[in-house]
Structures are given as C-alpha cells and as structure tokens.
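Please keep the sequence and the coordinates in view while reading.

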Amino acid sequence: MDKKLIAAAVASALAVPMSAQAVEISASGHVNRVIRHIDGPSMDEGWNHDDSGVSGSRFRFTGTEDIAGDMSVGVNLEFAGAGDTSNRHAAVSLGGNFGMLTMGHTATATNGTTHDVSNSGLAVSFGCGHAENKGMACATMTEGRTGTLRYDSPSIAGVGSFSMALAKDLWDANFKASGNLGNGTYSAGIYYADNSTLDDDMGTEMMDDDVYHDETRLTMGAGYKMGSGTSVSVLWGDVDKAGDMNDFSNFGIKVGHDWGDNGVAVMYRRTDMNDDMMGDPNALVFGFQHKLAGGAAEVHAGYHIVDPDEAMNNQKTRTFAVGMRVKFK
C-alpha cells in the first residue's frame, strides 16, 4: 500500500474528535506535624518529631459527576502523607434522592463516633492523639477503615440521618442528629457495631476461641456549644466481649471555649475495666489552638497526663506536644 495513503489515513484518524467522559476531580489535603516531649516510661522518652496523631498528614482526589435521573457517581481516593502510606480511602459511590451507597475501602458506620463541637480538636482530642502510652485510657470506640459496603440515608426531618455498613465479619449502624437548640448548636449520635473476628488481629490464635472471638460495641456521643463559645462534649461506650473478664466501658468529657480564632479546652477520659489486674486507666488533657490565614493553617499545643492505673504499671506518662497543620487544595 502507498505509504502516502497510510500517512493520510493516520492523520485523518487523529483529527477525528473523540468523546470521553470522566469524573472531574479535585486534589486537596494537609500536612500536620508535631514536636513532642515525653516524660515517663517510654522508648521515645525525650524530644520527638512526628506526624500528628490527630488528623495526620494526607492527600486526596475526590470528585462527583451527575448522571441521569437526579443521580450522581463519586470517587474518593486518599493516601496518608507520612509513615504508613497505604490507602486511607479507595471508594466509589452512587447517590440520589434515596441517599448514598458507597463501596470500597472506606469508613464504616462507626468510624468517628465523637461529637466534639469545639474549635480545639487538634490540641485536645477524645483519642488523646498525641499522648504517649495512652492505651486503654483513651479508647476511641470507633471502627477503622476497611473494605465496606455502606448506605447513608438522606436527611430525616432536616436534623438527622442514619447509616449502615457491612464488612468482612462486621456490621454496624448509626443515627446522628445536629442543629440549633436555644442560643447554641448541638450534635449527637448513637452507634452500634458487631464484630465477630477480634481474635484474628490480636494474636490470640493459641487461646480458646471463645475468649476474644465476638465483640459488640454500643457508643454514644453528644456536644453542645453555647452562643458565648463555651462547649461541652461527652463520649460514652460499652464493649461486650466473649468472656466477662474482657468487657470494659469508657467515658470522656471535654469542656472548651472558643473566641475569635482561638480555642482552649480540658478533657478527662476514663476506662473501667472488668479486670482488677488492668485497673481503671485514665487521662487528663489541656490544650490551645489558633487559626491562621482564615483557617488555612492552625497551630495547636497540648499537655497530656496518662495514668495506666495497672497493677504492673502505675507510672504516669506526661507528654507535651506542639504542632501546625497547613491545608492545600
């Protein structure tokens, strides 16, 4: 065949416009670093440079695209920005008037059970993110991200919604509500999870399967913030494992006050163990947070006192942490 004809055919094909549909995405994330000083029984005693244990560094790609019938498809791909660089989220979604159905590696219905309504969540978190040797003193009462099929309802009466999720050997659900009350705002939720494989991740294969095999968890969180800026947030949870010795309940209360771009808070956490040898570990946290550049950056500082209250280890650990989070998009 004539080479000139081949060249003309290729050029003609390249000139033909080709239509391609794809979800338009946006990139965003933040870097959150802390410097900690640890005083107490720890291999990291002294000064440490770490990624934040509260809202750690990350970057993500997200996007949605409308399709027929008032429906939309979405994508969420998020990675940790330091240390463990595995996927935080890798999920697709289908949304509409019926709510949203999400499938992939993402949060279950009991991921994020706290209802902290203050502006000091980086400095003072219910998970005591920057505290050393926090252990059971700051049990988060949440489920981690995993392979999930999750349903989120549309708004109910303008104030609430519910979610359900299915994962391998796990199902969980929540009901959440928020809105205005008096001269302030509130946020509250109740969460339930049934996990049947806790022993697989705890290295107890050599023990009786009935000891750690089943776990149910009931958690409630609530927060109220007055018009003056003062807020109170609480978290309570009860964990029922197979074998009474392993049951425990957890309670936390945080009092904060926000003014302008500032926030201060104090929080107390306590876990009541159903085992005399484990004691009742607790934590006390103080902190301050300040917004910069209209909220594009935040500086935060906190002081954490953790008391394990155990028969074999009753030595307190004190941690001071100061850090900065900068967002990008």
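There are 4 aromatic pairs in the structure, a pair being two rings of Phe, Tyr or Trp (its six-membered ring) with centres within 6.5 Å; planes under 30 degrees apart are stacked, over 60 edge-to-face, and the rest tilted. Trp-171 and Tyr-192 make a tilted pair, at 5.5 Å centre to centre and 50 degrees between the planes. This pair links distant parts of the chain, since Trp-171 belongs to strand E9 (residues 170-181) and Tyr-192 to strand E10 (residues 184-195), 21 residues apart. Strands (E, at least two residues) are DSSP runs numbered from the N terminus. Trp-171 is partly exposed at 36% relative accessible area, and Tyr-192 is partly exposed at 31%; buried denotes under 20%, exposed over 50%, and partly exposed in between (1.4 Å probe, protein chains only). Elsewhere, ring pairs join Phe-59, Phe-61 and Phe-79 into a cluster.

The model is predicted, with local features requiring pLDDT of at least 70 and side-chain atom pairs pLDDT 80 or more, while totals for chains, interfaces and linings use all residues. Residues are numbered from 1 along each chain as its sequence is written, and side-chain values use heavy atoms, with hydrogens and water left out.

The next topic is strand pairing, for which DSSP must find at least two bridges between two strands. Strand E15 (residues 282-292) runs antiparallel to E16 and is joined to it by 11 bridges; the bridge partner of Leu-292 is Ala-297 in E16. The two strands form a hairpin with 4 residues between them, and Ala-293 in the turn has a positive phi of about 55 degrees. E16 is also joined by 10 bridges to strand E17 (residues 317-328), again antiparallel, where Ile-305 has Arg-318 as its bridge partner. Because 8 of the 11 residues of E16 (residues 297-307) are buried, this strand is largely enclosed by the rest of the structure.

Salt bridges number 13, each defined by a side-chain nitrogen of Lys or Arg within 4 Å of a carboxyl oxygen of Asp or Glu. One of them connects Glu-78 to Arg-88, with the closest N and O atoms 2.5 Å apart. Glu-78 lies in strand E4 (residues 71-80) and Arg-88 in strand E5 (residues 87-96), so the pair ties together parts that are 10 residues apart in sequence. Both partners are buried: Glu-78 has a relative accessible area of 5%, and Arg-88 one of 15%.

Another salt bridge is formed by Lys-254 and Asp-116, whose closest N and O atoms are 2.6 Å apart. Here the link spans 138 residues, from Lys-254 in strand E13 (residues 248-259) to Asp-116 in the loop between strand E6 (99-106) and strand E7 (146-152). Lys-254 is buried at 2% relative accessibility, whereas Asp-116 is partly exposed at 25%.

Arg-88 returns in the description of the largest pocket: among its 32 lining residues, Gly-53, Val-54, Ser-55, Arg-58 and Arg-88 lie nearest its centre. A pocket is an open set of points on a 1 Å grid over the protein atoms alone, where a 1.4 Å probe fits, with protein on both sides within 12 Å along at least five of seven lines; lining residues have an atom within 4 Å of a point. The volume of the largest pocket is about 1100 Å³, taken as the space filled by probe spheres set on points joined across faces, edges and corners. Its lining comprises 6 nonpolar, 19 polar and 7 charged residues; Ala, Val, Leu, Ile, Met, Phe, Trp, Tyr, Cys and Pro count as nonpolar, Asp, Glu, Lys and Arg as charged, and the others, Gly among them, as polar.
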